[in-house]
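Student: Could you take me through one part of this model up close? I'd like the salt bridges, please.

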Amino acid sequence: MTVSDPRLVPHADPAAATALERTWRDPPGLYGWFAAINHKTISKRFMVTTMIFFLLGGVLALLVRLQLAQPDAGLLKPEMYNQIFTMHGSTMMFLFAVPVMQAVAVYLVPLMIGARSVAFPRLNAYAYWIFTMGGIMLYAAFFAGAGPDAGWFSYVPLSSLRYSPGKGVDFWAQMITYTELSGLMEAIVIIATILKLRAPGMSLNRMPLYVWAMLVTSFMVLFALPAVMLASTALITDRLVDTQFYNPEKGGDALLWQHLFWFFGHPEVYLIFIPPLGFISAIVATFSRRPVVGYPAMVLALVTTAFLAFGLWVHHMFATNLPELGKTFFTAASLVIAVPTAVQIFCWIATLGSGRINFRTPLLFVLAFFFILVMGGLTGLMLASVSLDTQLHDSFFVVAHLHYVLMGGAVFPLFGAFYYWFPKFTGRLLGERLGRWNFWLFFIGFNVAFFPMHLLGLWGMPRRVYTYPAEMGWGDMNLVSSIGAAMIGVSVLLFIVNVVRTLRHGAMAGPDPWGAGTLEWSVASPPPMGNFEVIPMVHGRYPLWQPQPEPTHVTGMSNDWREVLVTTVTDAEPDHRLWMPSSSIWPFLSAVATTILFVGSIYTPWAVVWAAAPVAIGATLWFWPKRAVVEQRVHSESAP
C-alpha cells in the first residue's frame with residue numbers, strides 16, 4: 001500500500017465508491033435481515049432494542065409510583081409489586097444501561113478512528129442476537145406469570161428455592177448469563193477495534209476522549225462481568241441441581257453472593273458512567289468550539305476511575321457483619337474515587353469558560369449532568385460513611401442517590417448524545433424546539449421525582465415496600481414523587497414524537513452540521529456502508545479543525561473485498577491488510593441454539609448436554625470457509 005498525495009487522489013472515484021458500497025452492504029431480503037453483520041446495522045438495531053427495554057422499564061416504574069402515590073393503595077398486590085419492582089430494576093441495569101452504551105460505541109468508534117468495520121463483525125452480530133433473546137426470554141416469563149420477585153439484586157436466601165420456589169429467579173439468573181455474555185463479546189469487539197483498526201497516525205495520544213472512555217469501559221467489562229456470571233451460575237445450580245454454594249447449613253456462605261454480586265455491581269455503576277464522560281467531552285468541545293482542556297489529565301482520570309472502581313464493592317455491604325477495619329478501607333476508597341471525576345468536571349468547565357458557547361439541546365443535557373451528578377456525588381460521599389450508611393441503608397435515601405447517580409450520570413448525557421449524533425445516524429437533525437421541551441420536562445420531572453426521596457429516607461421510609469400506613473406522614477412526598485415520574489414519562493414521549501417527526505420531515509443535516517472536529521463528521525450522514533472511501537491519515541486530535549499536512553489518506557485498499565487496514569497498537573503505523581468475513585446467517589442460528597441450551601437448562605440439566613450439539617454445529621459452520629470465496633481471494637491477491 002502507498003500513502004497518497006491529497007492533490008492527486010482527493011476522493012475515491014465514483015466507480016470505486018459504488019464498488020465499495022456493494023462490497024460492504026448487507027444482503028437484501030429476509031435472509032439478509034438475519035444475516036446482516038455491518039456494524040452500523042447491528043448498532044442501530046441494538047440501540048432501538050435497548051430503548052424498547054428502557055420504555056418497558058419506565059412503564060414498570062410508573063406502576064410502582066402509582067402504587068406508592070397514596071398510602072394503603074391497592075393497585076398492585078404484594079406478589080405482583082415484587083415482580084414489577086424486580087423487573088424494573090433488572091431491565092434498567094442489565095437490559096438498558098450498559099448495553100445501550102456498547103450499542104452506541106459499536107456505531108461510533110469505527111467512524112471516530114477511521115476504520116471501515118469493527119473487529120469480529122460476526123461476533124458483534126451474535127452478541128446482539130444473544131442479548132435480544134435473553135431480554136425476550138425474561139419478559140416472556142414475566143407475562144406468562146413466572147416473573148422474578150427477589151429484587152434486581154436477588155439476595156440469597158431470598159432468591160433460594162426455599163423462599164422463591166417458582167421459576168422466576170431461574171429465568172432471572174439465565175438473563176444475567178445472556179446479557180453478560182453479550183457484554184463480554186461486545187467488549188472484546190470494541191477493544192480489538194480500538195487497538196488494531198485505527199487510521200494511520202492516530203496514536204494513543206491522539207484518540208478522541210470518547211474512544212478512550214470506551215476502551216477503559218471495555219477493559220472493566222472483562223474483569224467485572226465474570227463475577228456476576230459466576231454468581232448467577234452458582235445460584236441457578238443451587239436451585240436446580242442442589243449445590244450448596246450459598247447455604248450456610250451445608251457449608252456455603254450467604255455473604256458470598258453479595259461479594260460476587262457487588263464486585264460486579266459497583267464497577268457496573270462506572271460501566272454505565274464512564275461512556276457518558278466521553279459523550280460529554282465530545283459535546284463540550286463541539287459547542288464551545290475548542291479542544292477539551294487537559295487531555296492527559298482527562299485520560300488519566302478515566303483510567304484512575306476504572307482502577308478505583310474495583311475497590312469499592314463493600315460500600316454496599318456496610319450493614320453486614322464485616323470487620324470494621326475493612327469497612328474503613330472501603331470508606332476511604334469511596335471518597336477518593338470522587339477526585340478523578342472532579343478533575344474532569346474542572347477540565348470541562350475550563351473548556352466552556354474559554355470557548356464560544358453555542359447553547360443547543362445536546363449541551364443543555366450536559367449542563368444538567370453537572371448539576372445532577374454533583375448532587376448524586378454528595379449523597380454518595382454521605383453514604384460512604386459507615387455510621388450514616390448503617391442508618392440510611394435500607395431507606396428511600398439510597399433509592400434517591402442511586403437514581404441521581406445513574407440517571408443523572410448516564411441518561412442525561414445519553415439523551416444529549418442522541419441529539420448530537422442523530423444527524424450522523426439518520427442524516428436529519430432532531431427538532432430543536434421539541435428538544436428543549438424534552439429537556440426541561442425531563443430535568444424538572446427528574447428532580448421532582450427523586451429529590452423528595454431523600455426526605456422520605458431521612459424520615460424513615462424503607463425501600464422495597466409495596467405500601468405504607470397513612471399515619472407515617474409519607475403520602476404527600478410520595479405523591480409529589482409520582483407526579484415527577486409522570487413528567488419524565490411525558491418527556492420521553494416527546495422525545496419519541498421528535499424522533500418520528502424528524503425521520504419523516506426533519507431538516508437534512510449534511511456531513512457536519514455542528515462544525516465538529518472528529519473523523520465521524522468527515523463522511524456523509526448517514527455514512528456509506530464502508531464508512532470511508534479512502535482511509536484517512538491522522539495528524540492531530542481534532543483532524544477537521546486543523547490543517548492536515550500531506551499525506552492525508554492511504555491508497556492501495558481493495559474496493560472489491562471487505563478489507564481493513566490493521567495498524568500498530570501504540571503509534572497506529574500501518575501493519576497489514578486484513579480480510580473481513582462476509583455476511584452470514586450463522587451468528588443468528590448460533591444464538592438460537594444457545595437460547596435453546598440456556599432456556600432448556602432451566603428445566604433440566606440434561607439440556608446442557610443435548611443442546612451443546614446444535615451450538616457446536618452452529619459455531620463450526622459459522623467459521624467454515626467457503627471454497628469459492630477462498631479461491632477468488634487467492635486469485636485476487638495473486639493478480640498483478
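Tutor: Here is a walk through some of the charged pairs. This is a predicted model, where local features need pLDDT of at least 70, side-chain atom pairs count only at pLDDT 80 or more, and totals for chains, interfaces and linings use all residues. Residues are numbered from 1 along each chain as its sequence is written, and side-chain values use heavy atoms, with hydrogens and water left out.

Searching the whole structure turns up eight salt bridges (a side-chain nitrogen of Lys or Arg within 4 Å of a carboxyl oxygen of Asp or Glu). Let's begin with Glu249 and Arg162, whose closest N and O atoms are 3.9 Å apart. That pair ties together distant parts of the chain, 87 residues apart: Glu249 sits in the loop between helix 7 (209-240) and helix 8, and Arg162 in the loop between helix 5 (121-143) and helix 6 (168-196). Helices here are DSSP runs (H or I, at least four residues), numbered from the N terminus. Glu249 is exposed at 61% relative accessibility, and Arg162 is exposed at 59% (exposed means over 50% relative accessible area, buried under 20%, partly exposed in between, with a 1.4 Å probe and protein chains only).

Now for helix 10 (residues 324-336), where Glu324 and Lys327 lie three residues apart, about one turn of the helix. Their side chains form a salt bridge at 3.5 Å, N to O. Glu324 is exposed at 51%, while Lys327 is buried at 6%.

Over in helix 15 (residues 432-458), Glu432 and Arg436 are four residues apart, and their salt bridge spans 3.3 Å, N to O. Glu432 is partly exposed at 22%, as is Arg436 at 31%. Arg360 joins these two in a network of salt bridges.

Conventions: Helices (H or I, at least four residues) and strands (E, at least two) are DSSP runs, numbered from the N terminus.
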